[in-house]
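Here's a quick briefing on a predicted model.

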Amino acid sequence: EARNEIKANFDSQQQQQRQQRAELNKEKKSIGFTSEQEIDQRIAEIENMLHTTSMPLREEKKLVAEIQTLKKNRGKVGKLNALEANLSSSGDASTKAALLANRENINEQFSILLAEKKELLAKRADLTTQRAEQRGPIQKYIEQK
């Protein structure tokens, strides 16, 4: 029972980490930038384009909208980096090592108990054959009744 509990605990931790990592990667892909500096650099490029080049109003509006979304995403990038650092530290090697050591300890105990069970079953089989040999002559009378 303890062995199954440890396995379930370990599996749930791994599944939770995979799920968090998948969500993190999904968010990163939606933003498209990995640092605030990259976002600031792109904003500066767009602002420079707006100030130095002449373009249709529709294109200008698209660029202004892109600047707004980049400014919104700037805060998200910092949060995602913090979340990633937290995620990598939450997968403590010490916690995993403790769970694995505990699981190995229980597996060793389980194997010892299985060996003892095999010995007891072998003794029982020997005793059964000895008893059958002792009852050999009497067995005929028991079967007749």
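The largest nonpolar core has 12 residues: Leu24, Ile31, Ile39, Ile43, Ile46, Met55, Leu63, Ile67, Leu70, Val77, Leu80 and Leu87. A nonpolar core here is a set of buried Ala, Val, Leu, Ile, Met, Phe, Trp, Tyr and Cys residues joined through side-chain atoms within 4.5 Å; buried means under 20% relative accessible area, exposed over 50%, partly exposed in between (1.4 Å probe, protein chains only).

**Core**
- Helix 1 (2-31), helix 2 (36-52) and helix 3 (57-90) each put in at least two residues, and helix 3 gives the most, with six.
- Helices are DSSP runs (H or I, at least four residues), numbered from the N terminus.
- Leaving out residues up to four places away in sequence, Ile43 touches Ile67, Leu70, Lys71 and Arg74 (contact: heavy atoms within 4.5 Å).

**Cavity**
- The largest cavity holds about 30 Å³ of space; a cavity is a set of points on a 1 Å grid over the protein atoms alone where a 1.4 Å probe fits but cannot get out, and lining residues have an atom within 4 Å of a point.
- Its lining is Lys28, Phe33, Thr34, Val77, Leu80 and Asn81, with the largest share, three residues, from helix 3.

**Leu57**
- Leu57 lies in helix 3 and counts as exposed because its relative accessibility is 56%.
- Leu57 and Ala82 sit 25 residues apart in sequence and 38 Å apart in space, C-alpha to C-alpha.

**Ground rules**
- Residues are numbered from 1 along each chain as its sequence is written, and side-chain values use heavy atoms, without hydrogens and water.
- Local features need pLDDT of at least 70, side-chain atom pairs count only at pLDDT 80 or more, and totals for chains, interfaces and linings use all residues.

Technical notes:
On a 1 Å grid over the protein atoms alone, a cavity is a set of points where a 1.4 Å probe fits but cannot get out, and a pocket is an open set with protein on both sides within 12 Å along at least five of seven lines; lining residues have an atom within 4 Å of a point. Grid points are joined across faces, edges and corners, and a volume is the space filled by probe spheres set on the points.
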